[in-house]
Amino acid sequence: MGTKTADETGAETGAEATTDEEKVSVTKSADDVSDSGTEAGAEPEAAAAVTEAADGTEADVDAEDAEGAEDLEDDADLAGDLAEAEGPSGVGQGAGAVVSVALGLVSLTGGWIGTVAAARETLVGQLQTSSTASVATQVKEVYGDAWQTTALWAGLFALAALLTAVVVLARPAFGAPSKPQAPWIKSVAWAGVALGVIGLLLAVLKYSDALLGLPSTS
């Protein structure tokens, strides 16, 4: 009764082996699942680390751009302060000096307005002088008055040149005394003064007939 057959023993042994294999298989599956879970959890952590690094880089770039913009604003403010401290650039003074020279040249060489005024005076003299008037009267009315008109306009241009040059030379004393005037502006302005004085002197001499007076008709 207590003796087991070979078939019963083999069946028990096969059942035990099958049970052990199932245990091993279940253990391996659990390990695989654990490993898979670990890898799946590691990937989101790595992605999160990359995202945080990218956000940090963008924040650094934005901070650098903001600092660069502030530096540019500071440079612009400094340039504006320097420009205000330096005062006027002298462009207007240079233009005034050139204008004074041009007016002086017109006073010496003559301008269209003086030519027209002289021709008009000649025409008026011819209309107002009768043919029976003396030669001296005709010469004076036709030529003398026209020459004086030309001298008058030349004197006005010379006076304008002289006043413009004087204003240019005196401008720094009323604007920014600490900033010296450019040498070329002074040179051109003094040239305007010289031309104005010469033109004014010649105009006065001609108007008074001290220079190139009317010829004698006697």
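In this predicted model, helix α2, which spans residues 91-109, packs against α4 at an angle of about 160°, and the two axes lie 8 Å apart. An angle over 145 degrees counts as roughly antiparallel, and α2 and α4 are therefore roughly antiparallel to each other. The crossing in which α2 passes α4 is left-handed. On the α2 side the contact is made by Gln93, Gly96, Ala97, Ser100, Leu103, Gly104, Val106 and Ser107, while α4 contributes Ala154, Phe157, Ala158, Ala160, Ala161, Thr164, Ala165, Val168, Arg171 and Pro172. Sorted by class, the residues of this contact of α2 with α4 comprise 11 nonpolar, 6 polar and 1 charged.

Helix α4 runs through residues 135-174, a stretch of 40 residues, and the distance from its first C-alpha to its last is 56 Å, close to the 58 Å expected at 1.5 Å a residue. Even so, α4 has a kink of about 35°, and this kink is centred on Glu141.

Helix α3, residues 112-128, packs with α4 at an angle of about 155°, their axes being 8 Å apart, which makes α3 roughly antiparallel to α4. Here α3 passes α4 in a right-handed crossing, whereas the crossing of α2 with α4 is left-handed. In the contact of α3 with α4, 7 residues are nonpolar, 6 are polar and 3 are charged.

The remaining pairing joins α4 to helix α5, residues 183-207, where the axes come within 7 Å and cross at roughly 155°. That angle makes α4 roughly antiparallel to α5, and α4 passes α5 in a left-handed crossing. By class, the contact of α4 with α5 is made up of 19 nonpolar, 5 polar and 2 charged residues.

Conventions
Residues numbered from 1 in each chain as written. Predicted model: local features only at pLDDT ≥ 70, side-chain atom pairs only at ≥ 80, totals over all residues. Heavy atoms only, no water. Helix = DSSP H or I, 4+ residues; strand = E, 2+ residues; numbered from the N terminus. Expected span 1.5 Å × (residues − 1). Bend = angle between axes of the 7 residues up to and from the residue. Axes fitted to C-alpha atoms, helices over the stretch in contact; angles between N-to-C directions. Parallel < 35°, antiparallel > 145°, perpendicular 65-115°, else oblique. Left-handed = near helix turned anticlockwise from the far one by under 90°. Nonpolar A, V, L, I, M, F, W, Y, C, P; charged D, E, K, R; others polar. Contact = heavy atoms within 4.5 Å.
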